[in-house]
Structures are given as C-alpha cells and as structure tokens.
Amino acid sequence: MSFLTLENVSHHYFTKKSLTKALDDISFSLNEGEFLSLVGPSGCGKSTILSIISGIMAQTQGKVLLNGKPVNEFNDAIGYMLQQDYLFPWKTIIDNILLGPKIQNDITPDIRQKASEFLAEVGLVNVEEAYPESLSGGMRQRAALVRTLVSDPKVLLLDEPFSALDYQTKLNLEDLVHKLLRQYHKTAVLVTHDIGEAISMSDRILVMEAKPGRILKTFEVPLELRNEVPFLVRRHPKYQPLFDKVWAALNGQHVKHGTG
Ligand code: ADP
Ligand code: MG
C-alpha cells in the first residue's frame, strides 16, 4: 500500500501585490522505504512540495496522505534536513541533537544511548560536548542528520542538504545518508540540483518545470543502480544513459523557452 501520497495537489501563494501559482496538479505516491528525488529549475515548487508534505503549510487544493491519513502541522513522523544545518551555536552537539526529544519531554536513557550510537555510526566520535563552531561543514551536517534520525521520523525531507559542502564531503555524505536511510527503511524525498546525486541515491526521479510548478517527467532508476553505493553508481554502465535522459528533460525546458 502506498505510504505517502500526493493527490492533485495545487498551491497558490497570495501576497498583497501578487498571486503565484506555485504548484499545479502534483500527484505521486511512495511506498514505505522508497527514495524519491525532485529536480527542476529554481522556482518550480520543490521546496513548496516539501513544506506541504511536512504539514507546516497547507496546500490550496488536493490531498496529502501519510499512511492513509491527511498530514497536519503537528507531525513528528516527518524529519527535515536542509542546506543549512541550523545547529544552535550556544548548545553542545549532544544538546543540539537531543533538542527535539527535550521539547517533547522525552529524554530517556534510551534516547541518549541511541544518540551516541547514531553519532558513532556517522563517524562523529568525541564531539558530544563540542560546540558546532569547532566542527567542519561536513561534520555539522552529520550532526544535523543524527538530530533528524534520533526522533525516528517515518519520512525524511531533504532540501538540498549537500549543496553547501565541498565535493568530496558531499560524495561521502551521499553514501552515508543512502546507507542509513536504507538500513532504517526510511521513506525519503530529496530535492537536488545535481542529476548525478538524484540518480545515485533514489528509486525514482521527478523532473519538474516552473510557472506553474508541474511534473514534466518521471524516471524509474534501474534496479542495478538502486542497490549500489551512490559513489559506485556514477561509474555503472547504466548511469550515463539515464543521466542523458534526465538532462534532456531538464534542458528541453530551456529549449522550449528559447534560451537553450
Ligand atoms: P524551488 O524550491 O523549486 O526553488 P519554491 O517552492 O521555493 O521553488 O517556490 C515556488 C514558487 O513559489 C516560486 O515562484 C516562488 O517565488 C514562489 N514562492 C515561494 N515561497 C513563497 C512565499 N512565501 N510567498 C510568495 N511566493 C512564494
Ligand atoms: Mg527550494
């Protein structure tokens, strides 16, 4: 059964001066444990889709169902990871990680133990009492990942989480996030500008177009690629043909608009 479903979702932003149709008739569904990527030009509504799935914003039209129920704003089944890590500089790494459970009044020895285990798993040792400023960008993003995982969300929303990192760090983190999300059978939606990242991490890719934001094309990633570590996907014989198709779909948009 489908776990996360968007049914004919449209969204308008109203301001005093303007009305923007950000999303037009978006439908897709994911099974539990599936990994979807959204690619498309800036302004095509990728972040809007994530905000609507998370429940922090209500769509103008259509339905969003998680496990058969409409999402609402108090939804701890959803975890977010963004380009910026949003770690509080005045809190230690462990206090940052346990902030969610603390707000929920839910810091048990069990959760603390889980936090330590996740930290070890992402390769962060001896940093629990450190402050974010003493960590590199990649380490901070690992800490942010642990903070997200520790509340055990069912769905992870990843909005360009690697785009501020240097290339080497980004590739390493792709492998790590891919491994952890598979291991814990998390459902994920990733927004990225990097076609290679989309192919190497996901089961399916939606290419979107802007004004209004629509799904232009859907690509299933071949099974052989899905079961591979992201780093190795990029040298698999089935990688380049898919890259070219996604590229053509994205680029067709420029050609169509006369700029390509
Ligand atoms: P993306 O993440 O793909 O770059 P967004 O979801 O951020 O796209 O934005 C989609 C469209 O909605 C854009 O045209 C953007 O300008 C508009 N938009 C986004 N947020 C707001 C807002 N809070 N108020 C008005 N318009 C917005
Ligand atoms: Mg965005």
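Pro-212 sits in the loop between β9 (204–209) and β10 (214–220), where strands are DSSP runs of E with at least two residues and helices are runs of H or I with at least four, numbered from the N terminus. Most peptide bonds are trans, and most residues other than glycine have a negative phi.

Before going on, a word about what you're looking at. This is a predicted model, in which local features need pLDDT of at least 70, side-chain atom pairs count only at pLDDT 80 or more, and totals for chains, interfaces and linings use all residues. Residues are numbered from 1 along each chain as its sequence is written, chains are lettered from A and ligands numbered from 1 in the order in which they are written, and side-chain values use heavy atoms, with hydrogens and water left out.

Now for phi. Asn-8, in strand β1 (residues 4–14), has a positive phi of about 50 degrees although it is not a glycine. Asn-67 also isn't a glycine, and its phi is positive at about 55 degrees; look for Asn-67 in the loop between β4 (61–66) and β5 (69–70). Asn-8 counts as partly exposed at 42% relative accessibility, and Asn-67 is partly exposed at 47%. On this scale buried means under 20% relative accessible area, exposed means over 50%, and partly exposed is in between (1.4 Å probe, protein chains only).

Pro-161 is in the loop between β7 (155–159) and α6, and it is buried, with a relative accessible area of 1%. Leu-119, in helix α4 (residues 109–121), is buried too, at 1% relative accessibility. Leu-119 and Leu-145 are 26 residues apart in sequence, with 9.3 Å between their C-alpha atoms.

On to the charges. Side chains of opposite charge can pair when their charged atoms come close. A search of the whole structure turns up 16 salt bridges, each being a side-chain nitrogen of Lys or Arg within 4 Å of a carboxyl oxygen of Asp or Glu. One of them joins Asp-194 and Lys-170 at 2.6 Å, N to O. Asp-194 lies in the loop between β8 (187–191) and α7 (195–201) and Lys-170 in helix α6 (residues 167–183), so this pair ties together parts that are 24 residues apart in sequence. Asp-194 is partly exposed at 21%, whereas Lys-170 is buried at 9%.

Another pair is Glu-224 and Lys-238, whose side chains meet at 2.7 Å, N to O. The pair links distant parts of the chain, with Glu-224 in helix α8 (residues 223–226) and Lys-238 in the loop between α9 and α10 (239–256), 14 residues apart. Glu-224 is partly exposed, with a relative accessible area of 38%, and Lys-238 is partly exposed at 38%. Then there's Lys-21 with Asp-24, a salt bridge at 3.2 Å, N to O: Lys-21 is partly exposed at 35%, while Asp-24 is buried at 16%. There is also a network of salt bridges linking Glu-34, Arg-182, Asp-203, Arg-204, Glu-220 and Arg-226.

Out on the surface, Val-229, Phe-231 and Leu-232 form a nonpolar patch with about 230 Å² of accessible area together. Patches are built from residues with over 30% relative accessible area and no salt bridge, joining like charges within 9 Å and nonpolar side chains (Val, Leu, Ile, Met, Phe, Trp, Tyr) within 5 Å; the areas come from the Shrake-Rupley method with a 1.4 Å probe, and for residues only the protein chains shown count as cover. Phe-231 belongs to helix α9 (residues 230–233) and is partly exposed at 37%.

Last stop: the largest pocket, which holds about 980 Å³ of space. Its lining takes in 31 residues, with Ile-78, Gly-79, Tyr-80, Gly-100 and Ser-151 nearest the centre. The elements giving two or more residues to that lining are β6 (78–82), α3 (99–103) and α5 (137–150). A pocket here is an open set of points on a 1 Å grid over the protein atoms alone, where a 1.4 Å probe fits, with protein on both sides within 12 Å along at least five of seven lines; lining residues have an atom within 4 Å of a point. Points are joined across faces, edges and corners, and the volume is the space filled by probe spheres set on them.
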